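Hi everyone, thanks for coming.

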Amino acid sequence: VCVPVVRALARLRQAPYSSWLDPMIFRALLAVAPAYPPGSLVTLSNKRKGVVIDWIPSDPCRPTVAPLEEQDDGSFELPEEAPIDLQTQRDVSIVEIDGFDVRRDNFYPSSADEFDLGLAFKRMSNRAFSMDDRLAG
């Protein structure tokens, strides 16, 4: 059975998988495997349908979504409307993707840097540099 990416990623954050996967590897995975890949058709909590157009790995379940308008014939069109940035509109969330209810699968960082690969790498580099200074001194 094929499951949405967001569900697979959410499961990796739960036991026992979370203890098997290094947090840096999980951050790297988020950088290349978005929870909501661009091009995905989603339904938002405000009942709007949309297509994911961008994502930020540091907050993977809050992508940018272009709203869609359903036409009389059942097709969808992109209206002349600004995209919905779920980073700033935090009262709106994705509730469905490809027919799957994903309300329980969404996950959010507990701190601004929890999923930020670049910042984590920088901190590791700074610690290693600091350790080298102590060893040399």
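One definition before we start: Ala, Val, Leu, Ile, Met, Phe, Trp, Tyr, Cys and Pro count as nonpolar, Asp, Glu, Lys and Arg as charged, and the others, Gly among them, as polar. With that, the lining of the largest pocket comes out as 5 nonpolar, 1 polar and 3 charged residues. Please keep in mind that this is a predicted model.

Let's stay with that pocket. Its volume is about 160 Å³. Which residues line the largest pocket? They are Leu12, Arg13, Ser18, Leu21, Pro23, Phe26, Arg27, Glu114 and Phe115. Helix α3 supplies the largest share of the lining, 3 residues.

Now to the core. The largest nonpolar core has 20 residues, and among those with the most contacts inside it are Val6, Tyr36, Val42 and Ile94. Two or more residues each come from α1 (5-12), α3 (23-32), β1 (41-44) and β6 (94-97), with α1 giving the largest share, 3 residues.

Have a look at Tyr36. Beyond its neighbours within four places in sequence, Tyr36 is in contact with Val6, Val42 and Ile94, and its other contacts include Pro60, Cys61 and Asn106.

Finally, the strands around β1. On one side, β1 pairs antiparallel with β2 (residues 49-54) over 3 bridges, and Thr43 has Lys49 as its bridge partner. These two strands make a hairpin with 4 residues between them, where Lys47 in the turn has a positive phi of about 75 degrees. β1 also runs antiparallel to β6, again with 3 bridges, and there Val42 stands opposite Ile97.

Definitions and conventions
Residues are numbered from 1 along each chain as its sequence is written. This is a predicted model: local features need pLDDT of at least 70, side-chain atom pairs count only at pLDDT 80 or more; totals for chains, interfaces and linings use all residues. Side-chain values use heavy atoms; hydrogens and water are left out. A nonpolar core is a set of buried Ala, Val, Leu, Ile, Met, Phe, Trp, Tyr and Cys residues joined through side-chain atoms within 4.5 Å. Buried means under 20% relative accessible area, exposed over 50%, partly exposed in between (1.4 Å probe, protein chains only). Contact means heavy atoms within 4.5 Å. Two strands pair if DSSP finds at least two bridges between them. On a 1 Å grid over the protein atoms alone, a cavity is a set of points where a 1.4 Å probe fits but cannot get out, and a pocket is an open set with protein on both sides within 12 Å along at least five of seven lines; lining residues have an atom within 4 Å of a point. Grid points are joined across faces, edges and corners, and a volume is the space filled by probe spheres set on the points.
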